[in-house]
Amino acid sequence: MTGDLLVKGLHVSVEGKEILKGLSLQVNKGEVHALMGPNGSGKSTFANTLMGHPKYEVTAGDILFKGESILEKETDERARMGLFMAFQYPVAIPGLTFGSFLRAALNARLAPPTPDGNGAVPTKKGIPPKEFRDLLRSKMAMLKMDETFATRYLNDGFSGGEKKRAEILQMAILRPEIAIMDETDSGLDIDALKVVADGVNALTGQDLGVLVITHYNRILNYIKPTRVHVMIDGRIVTSGGAELAQQLEAKGYDWVREEVASR
Ligand SMILES: Nc1ncnc2c1ncn2[C@@H]1O[C@H](COP(=O)(O)OP(=O)(O)OP(=O)(O)O)[C@@H](O)[C@H]1O
Ligand SMILES: [Mg+2]
């Protein structure tokens, strides 16, 4: 069986240095996978590679999305196929309002990829303005976001928590099939964490699979993981259920390292 997202023996180098050293993982729609691991173990490298960041060179292995290798596909093609990434550090774009950004992103997502695969967005009538406004309003209400957000410049002067909420709003609007959330929970107060988790829970179910990269068990109290994976030095070294995240919180990573060393 092929998974919705299937990563096989992935090796990735950044500027000539190997960071991922044989990573395998399968995430299906309807599942929530948590990826944990010490600083520098390669979690963000993995997320960036999934989205096709040009700096990350795949030297071996493969990434299949919906049964098709995506290694040769550009980031925007991957996004249009239904992959989504919430960044650890979202960028600000002064001059571009959040609302126009979301509408452009949605139109690009709705437009089918061009047959020649050059990544160009076909000129096609997008979502009508009124329909988009209604969609935006309902999703912002769901995430308890103030409507004025849509008129502000993208991430410009957004607080840490607001940026994270903005990422979830993008997810709610774009309806990806697989979403990667790189530390979307960092820096959130407890109320914002619940809003983000509720948003993710409302979007999962049959239609969405999520890979949550996190350092904290607390978000996993609200988003129940199907599986928890521990990454050390560019590989997933152990996997388990939700209890593994609790164990890591209580005991740190040294016991995992010792276990790996004694294998
Ligand atoms: N663009 C890059 N240029 C140079 N080195 C990089 C780059 N991206 C990642 N690295 C290196 O790869 C290693 C893994 O980094 P990565 O950001 O993937 O770790 P992480 O597991 O996400 O850590 P954290 O928990 O701190 O977010 C680090 O040594 C980092 O310096
Ligand atoms: Mg990281």
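These legends describe close-up views of a predicted model. Local features need pLDDT of at least 70 and side-chain atom pairs count only at pLDDT 80 or more, while totals for chains, interfaces and linings use all residues. Residues are numbered from 1 along each chain as its sequence is written, and chains are lettered from A and ligands numbered from 1 in the order in which they are written.

**View 1. The six-stranded sheet is open and mixed.** Its strand order is β6-β9-β10-β3-β11-β12. Strands are DSSP runs of E with at least two residues, and helices are DSSP runs of H or I with at least four; both are numbered from the N terminus. Two strands pair if DSSP finds at least two bridges between them. β6 (83-86) and β12 (235-240) are the edge strands, each pairing on one side only. From one strand to the next, the twist averages 20 degrees. Axes here are lines fitted to C-alpha atoms, for helices over the stretch in contact, and angles run from 0 to 180 degrees between N-to-C directions.

**View 2. Strand β9 (residues 178-182) is mostly covered.** Five of its five residues are buried. A residue is buried if 20 or more other C-beta atoms lie within 10 Å of its own, exposed if 12 or fewer, and partly exposed in between; C-beta atoms are placed from the backbone. In a regular strand the side chains alternate between the two faces of the sheet. In β9, I178, I180 and D182 point one way, and A179 and M181 point the other. β6 and β9 run parallel, joined by four bridges. L83 has I178 of β9 as its bridge partner. β9 also pairs with strand β10 (residues 209-213), in the parallel sense, over five bridges. Opposite I180 stands L211 of β10.

**View 3. D233 lies in the loop between β11 and β12.** Strand β11 (residues 227-232) pairs with β12 in the antiparallel sense, over five bridges. I232 has R235 of β12 as its bridge partner. Phi of D233 is positive, near 50 degrees, in a residue other than glycine. D233 has 15 other C-beta atoms within 10 Å, so this residue is partly exposed. The C-alpha atoms of D233 and R257 are separated by 9.9 Å, with the two residues 24 apart along the chain. R257 lies in helix α8 (residues 254-261). R257 is also partly exposed, with 15 other C-beta atoms within 10 Å.

**View 4. Helices α5 (residues 160-174) and α6 (residues 190-203) have axes that come within 10 Å.** Their axes cross at roughly 10 degrees. The two helices are therefore roughly parallel to each other. Angles under 35 degrees count as roughly parallel, over 145 as roughly antiparallel, 65 to 115 as roughly perpendicular and the rest as oblique. From α5, G161, K164, R165, I168, M171 and A172 meet A192, V195, V196, G199, V200 and L203 of α6. Residues are in contact if their C-beta atoms, placed from the backbone, lie within 7 Å. By class, this contact has eight nonpolar, two polar and two charged residues. Ala, Val, Leu, Ile, Met, Phe, Trp, Tyr, Cys and Pro count as nonpolar, Asp, Glu, Lys and Arg as charged, and the others, Gly among them, as polar.

**View 5. N155 lies in the loop between β8 (153-154) and α5.** Phi of N155 is near 60 degrees, a positive value in a residue other than glycine. N155 counts as buried, with 20 C-beta neighbours inside 10 Å.

**View 6. Ligand 1 has a shell to which α1 gives the most, with three residues.** The ligand is surrounded by V14, E15, I19, G37, N39, G40, S41, G42, K43, S44, T45 and K55. A residue is near the ligand if its C-beta atom, placed from the backbone, lies within 6 Å of it. By class, the shell has two nonpolar, seven polar and three charged residues.

**View 7. Helix α1 (residues 43-51) is largely enclosed by the rest of the structure, because eight of its nine residues are buried.** The buried residues are K43, S44, T45, F46, A47, N48, T49 and L50. G52 follows α1, with a positive phi near 85 degrees.

**View 8. The four-stranded sheet is open and antiparallel.** Its order is β2-β1-β4-β5. The edge strands, β2 (17-27) and β5 (68-69), each pair on one side only. Two bridges join β5 to strand β4 (residues 56-65), and the two run antiparallel. F65 has E68 of β5 as its bridge partner.

How values were computed
Contact = placed C-beta atoms within 7 Å.
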